[in-house]
Amino acid sequence: MSEHKGSLISIASIPLIMTLGNSMLIPVLPAIRHQLQITSFQVSLLITVYSAVAILLIPIAGYLSDRFGRKKIIIPSLLITGIGGLISGLGAWWLAHPYSVILIGRALQGVGAAGAFPIVLPLVGDIFKKESDVSKSLGVVETANTLGKVLSPILGSLLAYVIWFLPFLTIPLLCVISTLLVAFLVKTPAKQDKQAKKVTFGNFIQQLKLIFKQNGRWLLGIFAIGCICMFVIFGTLFYLSDTLEEKYHIDGIWKGFVIAIPSAALCLASFLIGRKIGQNKSLMKWITFSGIVLVTGSIVWTGLLKDPSIYWLITLISLAGIGIGVTLPCLDALITEGIAKEERGTITSIYSSMRFIGVAVGPPLASVLVKSSAHLMFYCISGTCVLAALLALFAIKPTRDEGHAS
């Protein structure tokens, strides 16, 4: 792996920056709501519109990356993401009523996100030959993703402390840095580039049908689990951001540090598991199942508490973060190592779309459910976790030969 260290660092910068670009807003959503005089549901759409656009475009970006090569899609996508952040930031700065312009900028960020982070997973699979190296590298990528979730509330709160729309204006700078890293340090195999040019749209459709005919059960199971994991993360963090201000009177920079605690637990768990799973797909299945069980128990326990102290709330949400943290690297590895290199862009893009669905649904659904009862919100979230645990148990079935999923 040492010869590709520069490539891996550059690749890891993509999920880090994409996560910062989205999750930095979580702790400052209440401040944005007050500044723009909009409802909790309307402010949640700043997260949802980003993800909704990405959901629609990610499969197309995956096909294009198979067709033309990974870097040729990633680099323009990073620049588009930066432009979207610039539009949102300048709109907030210059306009008296900037909500619509901010939404447009966020939608453009979603366009860029569709062609950036989802292409990272197949790119790792292209660069590294050994499955153990792929697993370790995907662990680094998922750790960068979760590290972004740790830094986001702190950085977002610090920037918003200066001025509330500064998080939007930071995104273009971050995207330029990542673009330069990818352009100059990532070296994709020449063989992969030659194969990419042979992929036609007709072949793409035929390959997609064949892949799902052969691997549909476990692929759909992993897609659903990934979606539920992101739904849990963003739903609970959205709830936590509002609750810390309204109930516990913690705001500003301190709120950012508190929100970072569950994300840090998630990040550390992803890093450690990514280094340990290797290419043992049976182990990946049972870690996934155990992680989801931990998430389910933590969320149910949170819902049962009538009036939890802030210490109990953070502890239980952090336990849920650990459960999700051990699950995500396993899902990434199962997808990437279980699909041929020529088809990875397409399949991992669909997987990323499902994760973005969870991101899109989490905040608005949490904002609606919590109006009735926070307990109801936690019970609904835990219900989806039970479904994820059942899928992990029955849909993912590694075969005995070399541990491949089937």
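Biologist: Which residues are linked with R33 in a network of salt bridges?

Modeller: Side chains of opposite charge can pair when their charged atoms come close. In this predicted model, R33 belongs to a network of salt bridges together with D242 and E246. The count of salt bridges comes to 6.

Biologist: Which residue meets the side chain of R70 in a salt bridge, and where do the two partners lie?

Modeller: The partner of R70 is D126, and their side chains meet with 2.7 Å from N to O. This pair links distant parts of the chain, since D126 is in helix α6 (residues 117-127) whereas R70 is in the loop between α3 and α4 (71-94), 56 residues apart.

Biologist: Are D126 and R70 buried or exposed?

Modeller: The word buried is used for residues under 20% relative accessible area, and both D126 and R70 are buried.

Biologist: How should I read the salt bridge between D307 and K247?

Modeller: Two things can be read for such a pair, namely the distance and the places of the partners. For D307 and K247, the closest N and O atoms are 2.6 Å apart. The pair links distant parts of the chain, with D307 in the loop between α12 (281-304) and α13 and K247 in the loop between α10 and α11, 60 residues apart. As for accessibility, D307 is exposed, with a relative accessible area of 59%, while K247 counts as partly exposed at 39%.

Biologist: Which parts of the chain are tied together by D332 and R355?

Modeller: The side chains of D332 and R355 meet in a salt bridge, at 3.4 Å from N to O. Because D332 lies in helix α13 and R355 in helix α14 (residues 341-372), the pair ties together parts that are 23 residues apart in sequence. Both D332 and R355 are buried.

Biologist: Since helix α13 has come up, how does its reach compare with the expected span?

Modeller: The expected span follows from the number of residues, at 1.5 Å a residue. Helix α13 (residues 310-338) has 29 residues and reaches 42 Å from its first C-alpha to its last, which is close to the 42 Å expected. This helix is also mostly covered, with 23 of its 29 residues buried.

Biologist: And how many residues of helix α1 are buried?

Modeller: In α1, 15 of the 19 residues are buried, so this helix is largely enclosed by the rest of the structure. Helix α1 covers residues 5-23, and its reach from first C-alpha to last is 27 Å, close to the 27 Å expected at 1.5 Å a residue.

Biologist: Which residues make the nonpolar surface patch?

Modeller: V176, L180, F184 and L185 make a nonpolar surface patch of about 380 Å². Among them, V176 is found in helix α8 (residues 166-185) and counts as partly exposed at 42% relative accessibility.

Biologist: Finally, how far apart in space are F212 and L181?

Modeller: Separation can be given both along the sequence and through space. F212 and L181 are 31 residues apart in sequence and 35 Å apart in space, C-alpha to C-alpha. F212 is found in helix α10 and counts as partly exposed at 25% relative accessibility. For L387 and F271, the separation is 116 residues in sequence and 25 Å in space, C-alpha to C-alpha. L387 lies in helix α15 (residues 374-394) and is partly exposed, with a relative accessible area of 46%.

Definitions and conventions
Residues numbered from 1 in each chain as written. Predicted model: local features only at pLDDT ≥ 70, side-chain atom pairs only at ≥ 80, totals over all residues. Heavy atoms only, no water. Helix = DSSP H or I, 4+ residues; strand = E, 2+ residues; numbered from the N terminus. Expected span 1.5 Å × (residues − 1). Buried < 20%, exposed > 50% of the residue type's maximum accessible area, 1.4 Å probe, protein only. Salt bridge = Lys/Arg side-chain N within 4 Å of Asp/Glu carboxyl O. Patch = residues over 30% accessible without salt bridge, like charges linked within 9 Å, V, L, I, M, F, W, Y side chains within 5 Å. Areas by Shrake-Rupley, 256 points an atom, 1.4 Å probe, with all protein chains shown as cover.
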